[in-house]
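I opened my notebook to look up pockets and the ligand. My notes follow the structure.

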Amino acid sequence: MRIYCEKDYNAMSRRAAAVIAAQVVSKPDCVLGLATGSTPIGAYKQLIEWNKQGDLSFAEVRSVNLDEYYGLAPDHDQSYRYFMQTNLFDHVDIAVENTNVPSGLAADPAAECARYEQVVADLGYADLQLLGLGRNGHIGFNEPCADFPAATHLVDLTQSTIEANARFFASADDVPKQALTMGIGTIMKARKILVVASGADKADAVWKAFSGPITPEVPASILQLHPDVTLVGDESALAKLMEDKA
Ligand code: GLP
């Protein structure tokens with residue numbers, strides 16, 4: 001595992017963008033696994049800048065996103081499709097038909113999960129999967145639970161995730177209670193994993209994920225078994241992990 005400990009959010013974002021850009025430069029038609037949340041926004045900004053300067057092209061890139069809230073339309077301003085359009089896709093030369101996000105409006109969520117898993121499989125899984133970390137150690141929307149779910153599935157969000165995400169909605173009551181997410185198995189099939197973490201409120205999750213026991217109670221801890229993980233964090237997010245490793 002490679003660890004980049006950067007001094008602040010901006011440096012962390014530039015480093016994460018460089019890892020993504022290296023993937024795209026070395027394989028222009030790669031499959032990028034993308035993530036939402038506030039953490040990757042700075043990296044996406046940097047990628048947009050490099051694209052505008054003509055240094056990086058997404059023209060041949062295919063993308064698969066981790067997850068989507070169940071019940072939100074793609075044009076809802078808190079849907080993950082909308083997030084991806086406004087934070088990345090609308091500003092770079094990626095073809096929208098090459099981008100994939102689960103549908104939050106599917107009448108039959110189980111069928112949509114199966115369809116999405118097949119889409120990712122048909123693309124050969126991600127060459128590089130970007131992951132943020134939930135405060136409870138979740139990845140995608142794989143919440144702490146009794147076992148590691150393999151494939152894309154519908155999940156009930158935990159109260160702590162609903163509360164953490166309530167800041168983006170009018171109230172906690174407006175946060176969807178369910179989501180469709182790639183499974184742990186889907187994520188682990190990516191050839192490379194890039195985890196980004198920023199801020200002191202992630203220090204515990206980072207430490208548990210990479211220093212603690214491998215347990216579905218901390219879904220990100222499974223990443224200890226992946227052969228190619230890069231962790232890019234700022235000093236406050238990595239504080240506890242680095243202290244432990246010192
Ligand atoms: C949501 C997403 C995750 C993300 C997490 C952390 O729950 N489903 O993929 O990693 O939020 O978000 P943030 O980066 O805003 O802390």
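Lining residues have an atom within 4 Å of a point. A volume is the space filled by probe spheres set on the points, which are joined across faces, edges and corners.

I noted that this is a predicted model, where local features need pLDDT of at least 70, side-chain atom pairs need 80 or more, and totals for chains, interfaces and linings use all residues. Numbering runs from 1 along each chain as its sequence is written, and side-chain values use heavy atoms, without hydrogens and water.

I looked up the second largest pocket. It holds about 200 Å³ of space. Helix 1 gives the largest share of its lining, 5 residues. Arg2, Tyr4 and Asp228 are among the lining residues.

I turned to the largest pocket. Its volume is about 630 Å³. I found 37 lining residues, with Thr36, Gly37, Ser38, Tyr80 and Asn165 nearest its centre.

Where does the ligand sit? I found it in the largest pocket; sitting there needs more than half of its atoms within 2 Å of the grid points.

I checked polar contacts (N or O pairs within 3.5 Å). A polar side-chain atom of Asp67 lies 2.8 Å from a ligand nitrogen. A backbone N or O atom of Gly140 is 3.1 Å from a ligand nitrogen. A side-chain N or O atom of Arg167 lies 3.1 Å from a ligand oxygen.

How values were computed: On a 1 Å grid over the protein atoms alone, a cavity is a set of points where a 1.4 Å probe fits but cannot get out, and a pocket is an open set with protein on both sides within 12 Å along at least five of seven lines; lining residues have an atom within 4 Å of a point. Helices (H or I, at least four residues) and strands (E, at least two) are DSSP runs, numbered from the N terminus. A polar contact is a pair of N or O atoms within 3.5 Å; within protein, one must be able to donate a hydrogen and the other to accept it, and residues adjacent in sequence count only if both atoms are side-chain atoms.
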